[in-house]
Each structure stands twice: as structure tokens, then as C-alpha cells.
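Trainee: I would like to learn how to read the packing of helices and strands in a model, going through it one feature at a time.

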Amino acid sequence: EMQTFLVKGLDRFTELARVTPDLTFVIVGIGKEMYPGFNPRPDNLVLVPLVDQQELYQWFGRAKFYAQLSRSEGMPNGLCEAMLMDCIPLGMRIGGIPAVIADNGYLLDEWDAETARTYLMSHLEDDETGVMARKSIVERFHIKKRAIYLEMLLTGL
């Protein structure tokens, strides 16, 4: 529905695709009911329906960047997964996004398509930020650390 479209910042993603015609943008997991929100859709914006986890990882593996341009967000698991696949993150400074990206990508305080475009274009040849993003996720969100934290929550410590 349109509310989800706006909350997830898909209008921002579309605007970024429009101002960056030399790159291809892909949104995975889009239902047909959301297609009208992308009109007119830029030629460089590819919409992919819902896929299984394995195919999603294949999309992440082909991507240089991952953008989380949400207006509201909890803990963005998709962002974590993309960073684990060496994607360079770009996100809004909202909700859990800054905690995930930390110093391993770019955070926008306010939406500005030109600033986002400049970041993407200046990192096309960057082979280090994605690797550092992956390392950051592995170290900060390791399964053992999460298990300890959950146990503390359950026992009330």
C-alpha cells in the first residue's frame, strides 16, 4: 500500500534513480500493487517481485551499494544482510539504520537526492568500504553476542 511505499522511502529511491541515470537501481520484493507508485518509472529502475532468500542473496552479491532510505525503521535486517554481502550502505539517520551502518557507509540527516548521488558516484571504484561494512556486521552483531544479550533480557539482568 502507499503508506508502506512512503515509509520505506521507495519514492526517494525512485528519485535517486532519476538523478543517477548512469547506474541501474533494483528494488527486490515489490508486489504488483505498488507499481503505480513508481510511475513514471525511470528506465534504470528494475522492480523484482518477492524472491526466496537464496535469490535475494544473489541480488545482494551483484550489488555495489544498498540504500535504506526509510522514513521510519526499526532494526533493518535487509541492510545487515546486504552489508554481510559487501554492499556499501547508504541510509537515512533514522531508527536503527545509524546503529547498523556506524562508520561503514554514508548517513543522510535529511533526504537530498543530489547528495546521495554524489556519494554513490564517488564510491564506484571503492573496494574497501563494502569489506569494512561486512567486517563491522560480523563483529558487532555476532550470533554469540546476540545470544548473550537475549539471555540477559530473558533473565532480567
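This is a predicted model: local features need pLDDT of at least 70, side-chain atom pairs count only at pLDDT 80 or more; totals for chains, interfaces and linings use all residues.

Trainee: Which strands form the open sheet, and in what order?

Mentor: Strands of a sheet pair through backbone hydrogen bonds, either parallel or antiparallel. Here three strands form an open sheet in the order β3-β4-β5, with parallel pairing; helices (H or I, at least four residues) and strands (E, at least two) are DSSP runs, numbered from the N terminus, and two strands pair if DSSP finds at least two bridges between them. β3 and β5 (106–108) stand at the edges with a single partner strand each, so one side of each has no neighbour in the sheet. Direction ignored, neighbouring strands of this sheet are turned by 15 degrees against each other on average.

Trainee: How many bridges link β3 to β4, and how many join β4 to β5?

Mentor: Strand β3 (residues 65–68) pairs with strand β4 (residues 88–92) over four bridges in the parallel sense, and Q68 has G91 of β4 as its bridge partner. The chain passes from β3 through α4 to β4 in a right-handed β-α-β crossover, where right-handed says that, with the strands pointing away from the viewer, the path from the first strand over the helix to the second runs clockwise. On the β5 side, three bridges join β4 to β5, and G91 stands opposite L107.

Trainee: At what angle do α4 and α7 pack?

Mentor: Two packed helices are described by the angle between their axes and the distance between the axes. Helix α4 (residues 77–84) and helix α7 (residues 129–140) pack at an angle of about 120 degrees, with their axes 7 Å apart; axes are lines fitted to C-alpha atoms, for helices over the stretch in contact, and angles run from 0 to 180 degrees between N-to-C directions. α4 and α7 are therefore oblique to each other, given that angles under 35 degrees count as roughly parallel, over 145 as roughly antiparallel, 65 to 115 as roughly perpendicular and the rest as oblique. Their crossing is left-handed, a term used if the near helix is turned anticlockwise from the far one by less than a right angle, with right-handed used if clockwise. C80, M83 and L84 of α4 meet G130, A133, R134, I137 and V138 of α7 in this contact, where contact means heavy atoms within 4.5 Å.

Trainee: Which residues make the contact of α3 with α4?

Mentor: The axes of helix α3 (residues 53–62) and α4 come within 9 Å and cross at roughly 60 degrees, and the crossing is right-handed. Q53, L56, Y57 and F60 of α3 make the contact with G78, E81 and A82 of α4. By class, these residues are four nonpolar, two polar and one charged; Ala, Val, Leu, Ile, Met, Phe, Trp, Tyr, Cys and Pro count as nonpolar, Asp, Glu, Lys and Arg as charged, and the others, Gly among them, as polar.

Trainee: Where does P40 lie, and which residue has a positive phi although it is not a glycine?

Mentor: P40 lies in the loop between β1 (25–28) and β2 (45–48), and a cis peptide bond with omega of about -5 degrees joins N39 and P40. The residue with the positive phi, about 70 degrees, is D86, which is placed in the loop between α4 and β4.

Technical notes: Residues are numbered from 1 along each chain as its sequence is written. Side-chain values use heavy atoms; hydrogens and water are left out.
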